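Visitor: Could you show me how to read a strand and a loop residue in a protein model?
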Amino acid sequence: MKPRHLLGALLVALAVLGAGCTTVRPWERATLADYTMRPDRDPLHTAMSEHIYFSREASSGGRGVGGSGCGCN
Amino acid sequence: MSSPVKILPALLAALLLAAPAKSALEAGQPFPELGAFHLQGTLPAFAGQVTLIDFWASWCAPCKASFPAYSALQTELAPRGLVIVGISVDKTAAPYDAFLRRLAPTFPTVRDPAQALVVHVSVPAMPTAYLLDRRGVVRSVHRGFHRDTLPALRAEILRLLEEQP
């Protein structure tokens, strides 16, 4: 690849990466604090996710309860 | 610089320098005139007073913790010349009103729905309190709210109240 082409490719890559960057200022964080941004806002979805998790990991209690995975607690 | 590759470091440096770098209001600078920012609510008269300007929001948990402490400070030190002004950055009135109904501060608050003042001041965190002397100059900036630094803030306010304008 010629240096000129390499430079062009790098500039395009920088422009694409730069377009995805943003800074959330302290006073703009209301959106992040909104209820809809909570990953656990739907109890049914949380229960299903935890069921999948502890089925996959063969652990008892899922993520919320301490245990060794022996199924004895 | 003949080769295009050689100008790459210069381009990268230019990109870095082009990043927005609005400087935040710091100690020693005069606080901007509040009347110019179309704040909603009634501003108290605080010319010639020691003033604590607190930026807060209804969605900000430390702001909730700060209100009883600032209310107590206002009740104790208002007779000696302290004025506390709360400035909310809430864009809508409903959460602002609900927050004030719940916490019932003893100090006045106004709202900056366009977020013009908070952008101008470039507040570094929520909440942030600016302590102004009697000439309207920022003497210290308190980022966040920490209960253990309240005695130091109170002592600083008392020192400013002793100062002659």
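Guide: Welcome! This is a predicted model, where local features need pLDDT of at least 70, side-chain atom pairs count only at pLDDT 80 or more, and totals for chains, interfaces and linings use all residues. Residues are numbered from 1 along each chain as its sequence is written, chains are lettered from A and ligands numbered from 1 in the order in which they are written, and side-chain values use heavy atoms, without hydrogens and water.

Visitor: How many residues of strand β1 of chain B are buried?

Guide: Strands are DSSP runs of E with at least two residues, numbered from the N terminus. Buried means under 20% relative accessible area, with a 1.4 Å probe and protein chains only. In β1 (residues 50–56) of chain B, 7 of the 7 residues are buried, so the strand is largely enclosed by the rest of the structure.

Visitor: Which strands does β1(B) join?

Guide: Two strands pair if DSSP finds at least two bridges between them. β1(B) runs parallel to β2 (residues 82–88) of chain B, with 7 bridges, and antiparallel to β4(B), with 5 bridges. B:F55 stands opposite B:I87 in β2(B) and opposite B:T128 in β4(B).

Visitor: Where is B:D133, and what does B:D133 contact?

Guide: B:D133 sits in the loop between β4 (128–132) and β5 (138–143) of chain B. Contact means heavy atoms within 4.5 Å. Leaving aside neighbours within four places in sequence, B:D133 is in contact with B:Q49, B:R139 and B:L160. At 3% relative accessibility, B:D133 counts as buried.

Key. Helix = DSSP H or I, 4+ residues; strand = E, 2+ residues; numbered from the N terminus. Buried < 20%, exposed > 50% of the residue type's maximum accessible area, 1.4 Å probe, protein only.
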